[in-house]
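Dear colleague,

I am handing over the structure below, and I would ask you to look it through before reading on. My notes on what was found follow directly after it.

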Amino acid sequence: MNKLSLYTFVGCLALMGQSVTASAAVPNRAAIAAHRASNPRTSSVAAKATSQATLPITRVHSADGNQLYGIHSYTFYGDLEGWSGTVKIVQGPFDPEPLHRFDDVAFQGAYMDGKVLVVFHDPFHEDNDEDHDLPVSYKVFDGETWECEFTSDDHLASEEYILPYGLAYDHTTDKVYGSFYADGSMFTETVDANFGYLDLSDEKNPVRIVGKLPERMRALTFDKDGNLYGLSYGGDLYTINKFTGAAEQTGVNVLLPTIDWDEDGVGDADPSDSPMTFGRESMCCDWSTGDFYISYGDDMWDTYVARFSPVTGEAEIVADYSYDHGNDNNNVVTALSFCQSADNGETKPAAPADFTVTPLGTELKAEVSFTMPSADSKGNALEANATMTWTLTDGVNELATGTAHSGEKVTATVDSRAGSITFAVSVILDGVTSKTATSTVFIGCDTPVISGLPTVRVNGQRLTVTWNAAVAANSGNLDPVIYKVTRMPDNVVVDEACESARFTDNLESDIKTLYYYLIQPMAGTVEGETVESRSVYAGKYFALPLTENFDDEKRFLEYPVIDGNNDGNLWEYSTKYDGVAMYPGNSNAANDYLLIGPFALEQGMNYSFYMEADGHSVTEQIAVYVGTDADDEASFSTELVAPTILNPAQGRKTFEEEFTPAESGDYYFGIKACTPGVSQFIYVYTVEISGTTSGTIVVNPGTGIGEAGEYTLDVTSGNGVIRVSGGIGEEVAVYTTTGICVAKTVVEGSVEIPVVTGVYVVRAGDSAVKVAVR
């Protein structure tokens, strides 16, 4: 394969985006053109007088003569405007030299020892100025034939960790490493810097996150020995452990040069604020000298390729795409790489084969196995029974070492750190080290994770919540998993250690409440994230007082309806006016009920009803009846509000009435649409129902602790308490309507008993009274 075919890779990028500062918009194509037209530079005429016709075209090479290649991803202006593909980097104020063209838009890429990785993504297409949630895919091509050998599933930029902003190929492990966006918030300084590598055998999820970097890196590269470096946006050079993501500053700060000429001829653009190249910058290393090359931009939309020393930080521009200095171009170039060989013709043993790591349960141990190479890196057979030294590490510490013959299988049990560990093994033959084989597994007890949304089913007072059994977050092993189940909104732990992915809760209160559950998995001492279930209403009665503003569709659906004229036109929930109960337009005479309830009302107690209603544009008619059976219109025989005209021209109409039930029981307040002819809409905005809950307990002779003879206890309720007064040493107990005792006390004078909202039975001796508490 010749050098040209080896490096003729990659794509284009049409730019529209956001600036480096979060939420600040980057100017679009038209805005940049207008900006440049209105901001001419004083040095531009002189700079352009030195034309390409009079300057020699010299390509950029390494010290030992290797060409510098890259991906041309985008440009405004210039001969390459609208062209995307592989390029040779040319010195000075010239466009890169185009080679191979792609049809799709490339965002990042890396050369991989004869293969080419391309990340396709077009977040800045001019038709999608505000839409950055566009597809991302990874593809690997043969660097000579351009046949596609791997394609990942399409992802969206908003998916976690899918989009890279820096890729680098490591020839010692044969892996591509990089930094990845935590979400779709591209071009912001605050997005987490997530370090990881690509598993190019996984089409569905190729990105593997190893850890977090201390800050975002504008580009990454490996040196000849497989050491990884990153350059921050502030110009600090870091070394990065490729197995753990641990990063340390080298103490070197690189001031990337720019050519933003002003009247004094000094370049003063800001190379740390580069909206045009952010996410696409790239570094590579000249293995013959150790110098680094980097592509980048500045805040004046100029772009460059520079060379700098990782030892001193001194930098110089080698390719200038600045607006003034060149030919009105600003080429964005990524995936820089030289066509160079790290071994300098040296024959290496191949990497160990069939490397597997098996965690031993949740212990901090693992069993490793691999086969010693029987050939060199070029496929030539090694000498039979050649003895080699192998070394196993966890990316930080040496775990084991030994010797074995070519082709021999090696197994070992080793101690390890806890966590997601990358094990690495290499061999040495005659002083030459092979490539490294790696395997990443989770050691110890992994974190339990519940996927999906738990569901809740209601059967009277029984709620059954189910969820997916927890799995290991990092595909590791788990100790036995139990679940802590908490009922909300009353924040009651209903099971500390549920052993199955299902729990049935028996409610004590019969007051209708919107319940949901919090489920937290725990594997031994390792706690997983709590997940929240769907919410459901459960209980028989609505509590008093009730204020209904029709701003909760789920609660609205708890109210039954009656289609009295059987025409299918029913009361429904609407978001009109921020939420209303709406009776839709109808050509029939209306006879339809919206039943607010049920409520547990007490004989002889007074209840108040308040309502605000209106029509749409024609007069309508509305009434209110009280009934007991949601399935029987005939039970709504008590007229609370007689049929009343609603005149929209007069605004909302209010209704206030009182109701005293003749006997205790379940009741509904039925709002009846009863327009006799064609109607448009009836709107009910607010319903309020409240009640005075009080009573007396007559204590018969001999039932009390104090004086003999009949006397009474007065019982009232409100604001979360039941008040009992008149006692002379009488024991009083408070029960739920299902017979569960919630409080007992002896009343001397008076006492307040705190309870939650609900209906209760207060009992003293052989007598009792029922009260409702709001």
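Predicted model: local features only at pLDDT ≥ 70, side-chain atom pairs only at ≥ 80, totals over all residues.

Residues are numbered from 1 along each chain as its sequence is written, and side-chain values use heavy atoms, with hydrogens and water left out.

Salt bridges

Side chains of opposite charge can pair when their charged atoms come close. Searching the whole structure gives 20 salt bridges, and one of them joins Lys204 to Asp153, with 3.5 Å between the closest N and O atoms. Because Lys204 sits in the loop between strand S11 (194-198) and strand S12 (207-212), and Asp153 in the loop between strand S7 (148-151) and strand S8 (155-156), this pair ties together parts that are 51 residues apart in sequence; strands here are DSSP runs (E, at least two residues), numbered from the N terminus. Lys204 counts as exposed, with a relative accessibility of 60%, whereas Asp153, at 31%, counts as partly exposed. In these terms, buried means under 20% relative accessible area, exposed means over 50%, and partly exposed lies in between (1.4 Å probe, protein chains only).

A salt bridge also connects the side chains of Asp505 and Arg487, at 2.8 Å from N to O. Asp505 belongs to strand S36 (residues 502-506) and Arg487 to strand S34 (residues 481-488), so the pair ties together parts that are 18 residues apart in sequence. Both Asp505 and Arg487 are buried. Arg555 and Glu548 likewise meet through their side chains in a salt bridge, at 3.0 Å from N to O, and each of these two residues is buried.

An open sheet

Four strands, in the order S17-S18-S19-S20, make up an open sheet with antiparallel pairing, two strands being paired if DSSP finds at least two bridges between them. Strand S17 (282-285) and strand S20 (315-320) are at the edges with a single partner strand each, so one side of each has no neighbour in the sheet. Within this sheet, strand S18 (residues 292-297) and strand S19 (residues 303-308) pair in the antiparallel sense over six bridges, and Ser295 stands opposite Val305 in S19.

Note on methods:
Salt bridge = Lys/Arg side-chain N within 4 Å of Asp/Glu carboxyl O.
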